[in-house]
Amino acid sequence: MSDDEEELLAGSDDPPFDENDTGADIILRSNDGEDFYIRSALLTMASPFFARLLLSLRSHYRGPRGLPIIELAEDGESLQQLLLWCDPRAVPSWELDDIELALKSAEKYEMIGTKRFIGEMLGKLKEYVETEPLKLFAIAVRHRIPDLALIAKETLHHPLDGREYVPQLGDISGAVLHRLQEYYFCCTRTAIEVVERLEWEQRPFIWFEGPLVPCLCEYEVGQNHARRSKWWGDYMQRAKTALRLRPRGRTVLNLPSEIAASALELATLCLYCGGRAYADLQRFNVSFSNEVENAVDAVVCEFDL
Ligand SMILES: [Zn+2]
């Protein structure tokens with residue numbers, strides 16, 4: 001390589017991989033010509049691939065300070081993201097796209113510990129877990145992240161009808177996607193079963209108290225002569241509709257305020273129920289939410305990776 005060509009190559013501008021690291025003993029060169037000054041001991045510990053490569057390192061290009069240069073197939077951005085996870089002096093990026101780049105390279109270079117660490121962090125990225133669980137799920141499947149079930153559970157917040165395509169779905173099989181859809185429907189059925197059990201289960205809430213009290217609410221009668229206030233029955237039907245789309249406990253707590261308002265408005269027409277309906281509905285919702293969540297937790301995801 002001529003001196004002119006050498007000058008065209010850019011070194012990493014970011015510490016600790018720039019030329020100021022006097023402890024660096026090798027240079028990793030990306031396919032777009034970016035040089036990373038690296039301490040080989042770090043790579044040897046993190047990657048059996050690099051351990052073998054460095055053992056067999058003979059005559060390569062020599063760069064500044066006579067350091068051997070290893071040319072790699074990755075671009076500078078991919079290498080940067082990977083190395084940030086390998087060096088304790090560095091702070092890795094928490095952007096999902098950056099993490100994905102790091103995971104791909106970690107897998108290629110057999111960095112099992114690094115990959116596991118990144119995977120554990122992936123499931124804890126609250127922002128992405130809530131906003132882009134499908135993308136996260138596809139990444140987790142591709143890289144066999146152990147917390148897959150937790151991430152799959154987060155996809156339940158996104159109704160199947162309306163989920164947007166993400167390019168990462170191209171990396172997983174149709175079989176896994178089918179399993180994810182089966183899981184969604186199974187959780188939906190489970191959540192509906194909770195509603196159907198609770199809506200007639202006589203518990204100490206005001207909507208079950210008639211006719212032994214002076215309740216003037218319109219009421220409904222179910223099997224075994226069970227009786228409930230109609231406003232509460234309507235509320236449960238709306239909760240069921242919401243859970244059919246998003247089968248999670250949080251759905252109950254996040255029901256649109258107009259649903260509760262509509263139920264409570266009718267309850268306040270009754271002198272007996274009006275004073276207690278709000279408190280009882282709040283108390284019920286906490287228990288309702290927990291029961292939905294526990295039931296969904298019991299649904300087994302079998303993705304057969
Ligand atoms: Zn009443």
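**Figure 1. Contacts of Glu 199 in the predicted model.** Glu 199 touches Gly 233 and Met 236, with residues up to four places away in sequence left out of the count. The model shown here is predicted. Glu 199 and Met 236 lie 37 residues apart in sequence. In space, 6.8 Å separate their C-alpha atoms. Glu 199 sits in the loop between H10 and strand S5 (219–221). Is Glu 199 buried or exposed? Glu 199 counts as buried because 20 other C-beta atoms lie within 10 Å, and a residue with 20 or more is called buried.

**Figure 2. Leu 198 in helix H10.** Leu 198 belongs to helix H10, which covers residues 174–198. Leu 198 has 16 other C-beta atoms within 10 Å, so this residue is partly exposed. The cut-offs are 20 or more for buried and 12 or fewer for exposed. Which residues does Leu 198 touch, not counting residues up to four places away in sequence? They are Phe 288 and Glu 291. Thr 131 is 67 residues from Leu 198 in sequence. Between the C-alpha atoms of Leu 198 and Thr 131 there are 30 Å.

**Figure 3. Helix H9 and the helices around its buried residues.** Helix H9 spans residues 148–155 and is mostly covered. Six of its eight residues are buried. These are Leu 148, Ile 151, Ala 152, Lys 153, Glu 154 and Thr 155. Where do the buried residues of H9 pack? They pack against helix H7 (126–131), helix H8 (133–142), H10 and helix H15 (277–297).

**Figure 4. Phe 137 and its contacts.** Ile 151, Ala 152 and Thr 155 are among the buried residues of H9.

**Figure 5. The largest nonpolar core.** This core holds 67 residues. Phe 36, Ile 38, Ala 102, Leu 136, Phe 137 and Ala 140 touch the most other members. H10 gives the largest share of this core, eight residues. Why does the core lie between domain 1 (3–92) and domain 2 (182–297)? Both domains give residues to the core, so the core lies between them. In soluble globular proteins, nonpolar side chains tend to be buried together.

**Figure 6. The two assigned domains.** The domain assignment of the chain gives domain 1 (3–92) and domain 2 (182–297). Taken over C-alpha atoms, the centres of domain 1 and domain 2 are 61 Å apart.

Definitions and conventions
Residues are numbered from 1 along each chain as its sequence is written. This is a predicted model: local features need pLDDT of at least 70, side-chain atom pairs count only at pLDDT 80 or more; totals for chains, interfaces and linings use all residues. Helices (H or I, at least four residues) and strands (E, at least two) are DSSP runs, numbered from the N terminus. Two residues are in contact if their C-beta atoms, placed from the backbone, lie within 7 Å. A nonpolar core is a set of buried Ala, Val, Leu, Ile, Met, Phe, Trp, Tyr and Cys residues joined through C-beta atoms within 7 Å. Domain bounds come from an automatic or database domain assignment.
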